[in-house]
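Here is a friendly walk through one protein chain. Have a look at the fold, then read on.

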Amino acid sequence: MRRTAADAILPMFQRLHDSDVTEKAPGEVVTVADRHAEELLDAGLRRLLPDSEVVGEEGVAADPTVLERLGGPAEVWLVDPLDGTANFAAGRQPFAVMVALRRAGITELSWILDPIADTLMVARAGAGAYRDGVAVRSVAEAPAVETLRGVVPTRFLPPELRETILAGAPRVGAILPGQHCAGREYPDIVAGRQHFAIFWRTLPWDHAPGALLVEEAGGVVRRLDGSAYDPADDRAGLLVAANEQIWDAVHRALLTPA
């Protein structure tokens, strides 16, 4: 991941030309750095596990059937080569490189690299979460609901859900607009810079790495109805919180109609 960032991402940061940025879907940009980074990661990860499959964001954009590999029997790498592409294309931070490894339908390992700070978050199922090799834990206490701060990106929220959340917003401390980078939002929950996040779109490469990180740090990641999160499940909606008590408090405050 660090080699990919050094070769494909950092040399292009704040040096992109107009021709280096295109729109792959309405309102969604992709850069030459995204594509080059995924090519390098794809090749490198397959060398690590020769019989593995790679499900990458740009590979799925080019061929949606690639996503079917996620449900197959092979070991599967989930790859977001450049999370926060809109930020990167605009010449600003944050952005990240994210990878997760799944075996038999279970996310076993994940990595989130901040290429600018050169900070690497790592999580292993059942073995904890780490920042640059040092174990990290999310906040264990339950702050008063009126002090809770969290991210709720509203772009993709259905109107009815948006209205419910906005109606409940005065019950919590702050609703933040988000940083347009899941690779920063999840680590920020672990670090205590925010207590929760609500996402509507849950593309697997955006959320599998961070979900394992938060869970291994003591946090909770569930669907809005309280069911378990599975990256292979294409349902929308996800509530991420630093601990069980915060998850329950946010759900009551923001997702339960008055």
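## Helices on a sheet

Helix α7 (residues 204-216) lies across β12, β13 and β14, and runs at about 140 degrees to β13. Helix α8 packs on the sheet too, touching β11, β12, β13 and β14, and its direction makes about 135 degrees with that of β14. Touching, or contact, means heavy atoms within 4.5 Å. The angles run from 0 to 180 degrees between N-to-C directions, with axes as lines fitted to C-alpha atoms, for helices over the stretch in contact. Helices (H or I, at least four residues) and strands (E, at least two) are DSSP runs, numbered from the N terminus.

A word on where this comes from: it is a predicted model, in which local features need pLDDT of at least 70 and side-chain atom pairs count only at pLDDT 80 or more, while totals for chains, interfaces and linings use all residues. Residues are numbered from 1 along each chain as its sequence is written, and side-chain values use heavy atoms, with hydrogens and water left out.

So what is the strand order of that open sheet? The five strands go β11-β10-β12-β14-β13, with mixed pairing. β11 (174-176) and β13 (220-222) are at the edges with a single partner strand each, so one side of each has no neighbour in the sheet. On average, neighbouring strands here are turned by 15 degrees against each other, direction ignored.

## Strand pairs

Two strands pair if DSSP finds at least two bridges between them.

| Strands | Bridges |
|---|---|
| β12 (residues 196-199) and β14 (residues 238-241) | four bridges, antiparallel |
| β6 (residues 106-114) and β7 (residues 119-124) | six bridges, antiparallel |
| β7 and β8 (residues 128-131) | four bridges, antiparallel |

F199 sits opposite L238 in β14, L113 has L120 in β7 as its bridge partner, and R124 faces G128 in β8.

β6 and β7 make a hairpin with four residues between them, and D118 in the turn has a positive phi of about 55 degrees. β7 and β8 make a hairpin as well, with three residues between them; there, G126 in the turn has a positive phi of about 80 degrees.

## What's tucked inside

A nonpolar core is a set of buried Ala, Val, Leu, Ile, Met, Phe, Trp, Tyr and Cys residues joined through side-chain atoms within 4.5 Å. Buried means under 20% relative accessible area, exposed over 50%, and partly exposed in between (1.4 Å probe, protein chains only). In soluble globular proteins, nonpolar side chains tend to be buried together.

The largest core in this model has 56 residues, and I165, F196, I198, V240, V250, L254 and L255 touch the most other members. Helix α8 (residues 244-255) gives the largest share of this core, seven residues. Take V250: leaving aside neighbours within four places in sequence, V250 is in contact with L148, F196, I198, L239 and L255. Apart from that core lies another one, of 22 residues, including A8, A37, V54 and F95.

Which helix is largely enclosed by the rest of the structure? That's α6 (residues 182-191), since eight of its ten residues are buried. The buried ones are A182, G183, E185, Y186, P187, D188, I189 and V190. Just after α6, G192 takes a positive phi of about 85 degrees.

Is E58 buried or exposed? At 10% relative accessibility, E58 counts as buried. E58 is found in helix α3 (residues 57-62), and apart from neighbours within four places in sequence, E58 is in contact with K24, V30, D34, E38 and P81.

D42 belongs to helix α2 (residues 32-48) and, at 22% relative accessibility, counts as partly exposed. The C-alpha atoms of D42 and E53 are 8.9 Å apart, with the two residues eleven places apart along the chain.

## The whole chain

Stepping back, the protein chain has eight helices and 14 strands. The radius of gyration is 18 Å, close to the 18 Å that the globule rule gives for 258 residues, so the chain is as compact as a globular protein of that length. That radius is taken over C-alpha atoms, and the globule rule is 2.2 Å times the number of residues to the power 0.38.

Buried residues make up 49% of the 258 residues. Among contacts between residues at least 6 apart in sequence, 60% join residues at least 24 apart.
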